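Morning, everyone. I have one structure to go through today, and I will keep it short.

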Amino acid sequence: MLTDLPNLLTLSRIAAIPLLVGLVAARHPFADLLACIVFSAAAITDYFDGKLARSRRQQSDFGRMLDPIADKLLVGAALMMLVGMGRLSTFALYPAIVIMLREILVSGLREYLAGIRIGLPVTSLAKWKTGFQMGALGTLLAGDSSAQWLHLSFIPVSLIGETMLWIAAVLTLVTGWDYLRAGLRHVSTSPEGGSEERGTLPRQPG
């Protein structure tokens, strides 16, 4: 199970975190560019691990558990490094807070719903949220320093990244509210978790 390709891709996202942290901490334009590449490559695995698990019939409880954890660790590490290294403006700090709080909220809801074997379907809006979130973080990790190093200083990389982060935060609020409503509905209709139809939780993007 652990050596199945989908699980290896999921584990690679966790393994990429120390490298990502080290590159951002280096505070060098080339390191920032590499951090963007590492993060983008790790984010892409989030799409392929689920797709491969379904096509190869290698879906497992281990993969369902690890997939959202790997996503949140990667996103959390990127956000904390950007904030800690002063790479976000004060204005961009607010969507970062919204995204982090939503991740905590969804983790709690998933833990509860997993206990009563309730699955939450993946919506197209959640996929858009993930796309904007990963794109924003990858762009912010590259930053203006990478653009200057590549002689592309005319591109407002940080501004583009922060704009995408705000869009991701808005989508985060909407999808987070959907998760919360679903959780509250199951709490009110099945307080003991015994009257709802039970099923396995699908892999789904953060």
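First, the ground rules. This is a predicted model, so to speak of a local feature I need pLDDT of at least 70, and side-chain atom pairs count only at pLDDT 80 or more, while totals for chains, interfaces and linings use all residues. Residues are numbered from 1 along each chain as its sequence is written, and side-chain values use heavy atoms, with hydrogens and water left out.

Now the core. By nonpolar core I mean a set of buried Ala, Val, Leu, Ile, Met, Phe, Trp, Tyr and Cys residues joined through side-chain atoms within 4.5 Å. Buried is under 20% relative accessible area, exposed is over 50%, and partly exposed is in between, with a 1.4 Å probe and protein chains only. The largest such core has 30 residues, and those with the most contacts inside it are Leu20, Phe39, Leu88, Leu137, Leu141 and Leu165. At least two of its residues come from each of α1 (5-26), α2 (29-55), α3 (61-84), α4 (90-115), α5 (124-149) and α6 (157-189). The biggest contribution is from α3, with seven residues. Helices here are DSSP runs of H or I, at least four residues, numbered from the N terminus.

Take Leu20 as an example. Not counting residues up to four places away in sequence, Leu20 touches Ala35, Phe39, Leu74, Ala78 and Leu141; contact means heavy atoms within 4.5 Å.

Is glutamate 162 buried or exposed? Glutamate 162 counts as buried, because its relative accessibility is 13%. Glutamate 162 is in helix α6, and, leaving aside neighbours within four places in sequence, it contacts Arg87, Leu88, Ser89, Ala92 and Leu140. Between glutamate 162 and serine 89 there are 8.4 Å from C-alpha to C-alpha, although they are 73 residues apart in sequence.

Last, the aromatics. Rings of Phe, Tyr and Trp (its six-membered ring) pair if their centres lie within 6.5 Å; planes under 30 degrees apart are stacked, over 60 edge-to-face, and the rest tilted. The whole structure has three aromatic pairs. In one, phenylalanine 30 and tryptophan 149 have ring centres 5.2 Å apart and planes at 50°, so the pair is tilted. Phenylalanine 30 is in helix α2 and tryptophan 149 in helix α5, 119 residues apart. Phenylalanine 30 is partly exposed at 37%, and tryptophan 149 is partly exposed at 39%.
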